[in-house]
Amino acid sequence: MTHPLVRKLQSVGDLAKADLDLLEALVSDIRDFGARRDIIREGEKPDHVHLMLEGWSCRYQVLPDGSKQITAFLLPGDFCDVHVTMLGEMDHSIGALNAARVAFISRDVMRELIERPAIARALWWASLVDEAVLRAWIVNFGRRDSFERVAHLICELYARLQNVGLAAENEFDLPLTQEDLSDALGLTPVHISRVLKRLRQEEMMTFKRQQISILDIRKLQAAAGFDPSYLHLAD
Amino acid sequence: MICGSAGGCDDAAMPRFRFHLTIGDESLVDAQGVELADLAAVRGHVRNAIADIIGDELAGGRDSVKLAISVSDEAGDQVLETTAILTCRHVF
């Protein structure tokens with residue numbers, strides 16, 4: 001079965017059979033992580049690059065007072081730490097949010113991969129999209145109110161999950177607590193709870209038992225000021 | 001647990017507190033709660049929540065906000081209640 005990284009990179013452009021074979025062969029060393037377990041921690045110097053195959057994880061940093069900031073959500077098909085092949089040391093941690101299956105790819109294999117022009121281009125594309133998402137998050141924190149911020153994140157996750165075939169029509173699993181949302185959006189859980197109630201009252205979406213139901217995607221996108229072009233998804 | 005420490009995690013669970021909000025006629029019961037180290041952290045959390053909510057109300061054009069946050073521990077006993085009232089008077 002095609003793994004999610006191949007699906008994601010193929011959406012950017014055609015890859016030759018030799019490239020596809022190499023990508024498929026990546027996932028020989030697969031390890032499982034329980035929910036709420038660290039995959040890799042800040043300061044570590046990993047020998048492997050980690051690729052999400054199943055489940056969700058997040059990039060996060062812990063502040064001296066113990067509070068946490070989530071800086072990205074990683075979905076199947078996302079590399080956790082492709083930059084460590086160049087930078088050497090993790091400057092943040094990555095934790096599994098639910099049961100996750102992760103491929104461990106050696107640095108040598110990664111070097112081999114990036115010597116193939118089509119794969120290097122596709123990985124560069126994926127890295128640029130990650131940067132675009134980070135820019136969108138900065139705008140979200142800096143210039144949107146709490147209602148727009150939550151709505152924007154939900155629109156983004158829905159679009160990304162649709163792209164890797166993990167969202168149904170107007171529904172998807174969101175293995176996050178209100179505390180996770182607050183750590184990602186810089187709001188308190190009390191406030192997140194109030195915003196979620198308002199989104200439900202305004203008939204845009206509901207969040208119940210870790211499942212999002214989108215009631216009116218156009219209304220939700222309009223409320224968030226969401227334009228998916230920064231995700232650079234295939235049409 | 002996800003803790004971010006390269007030296008390893010302290011797996012000892014922190015107590016969980018629930019933050020119940022009343023704002024105007026609206027009430028919100030906190031079903032999930034938040035794990036916090038102690039009552040000092042609870043007070044800090046309440047202050048942040050009040051700042052968040054009042055900021056949003058002001059940005060939404062409201063000049064008057066009254067809200068209360070009642071915090072209960074795992075046994076359901078109230079450990080803190082904070083009320084905040086904001087009134088803006090404009091002099092033209």
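I counted aromatic pairs over all chains of this predicted model and found 6. I then looked at A:Phe226 and A:Tyr230. Their ring centres are 6.0 Å apart and their planes stand at 80°, so I logged the pair as edge-to-face, the cut-off being over 60 degrees. Are the two residues buried or exposed? A:Phe226 is buried, at 9% relative accessible area. A:Tyr230 is buried too, at 13%.

Next I traced a cluster. Ring pairs link A:Trp56, A:Phe73, A:Trp137 and A:Phe141.

I also checked charges over rings. The charged end of A:Arg31 sits over the ring of A:Phe104, 3.8 Å from the centre. For A:Arg198 the ring is that of A:Phe147, with 3.7 Å to the centre.

Then I turned to a sheet in chain A. I read 3 strands in the order S1-S7-S3, forming an open sheet with antiparallel pairing. S1 (30-33) and S3 (48-54) are the edge strands, each pairing on one side only. I noted an average twist of 35° from one strand to the next. S3(A) and S7(A) (residues 100-106) pair over 6 bridges. Across that pairing, A:Leu51 stands opposite A:Ala103. What packs on the sheet? I found helix H4 (residues 107-114) of chain A there, touching S3 and S7 and making about 75° with the direction of S7(A).

Last, confidence. Chain B averages a pLDDT of 87, and 87% of its residues score at least 70. For the complex I noted an ipTM of 0.82 and a pTM of 0.89.

Technical notes
Residues are numbered from 1 along each chain as its sequence is written. Chains are lettered from A and ligands numbered from 1 in the order in which they are written. This is a predicted model: local features need pLDDT of at least 70, side-chain atom pairs count only at pLDDT 80 or more; totals for chains, interfaces and linings use all residues. Side-chain values use heavy atoms; hydrogens and water are left out. Two strands pair if DSSP finds at least two bridges between them. Helices (H or I, at least four residues) and strands (E, at least two) are DSSP runs, numbered from the N terminus. Axes are lines fitted to C-alpha atoms, for helices over the stretch in contact, and angles run from 0 to 180 degrees between N-to-C directions. Contact means heavy atoms within 4.5 Å. pLDDT is the predictor's confidence in each residue, from 0 to 100. Rings of Phe, Tyr and Trp (its six-membered ring) pair if their centres lie within 6.5 Å; planes under 30 degrees apart count as stacked, over 60 as edge-to-face and the rest as tilted. Buried means under 20% relative accessible area, exposed over 50%, partly exposed in between (1.4 Å probe, protein chains only). A charge sits over a ring if NZ of Lys or CZ of Arg is within 6 Å of the ring centre and within 35 degrees of the ring normal.
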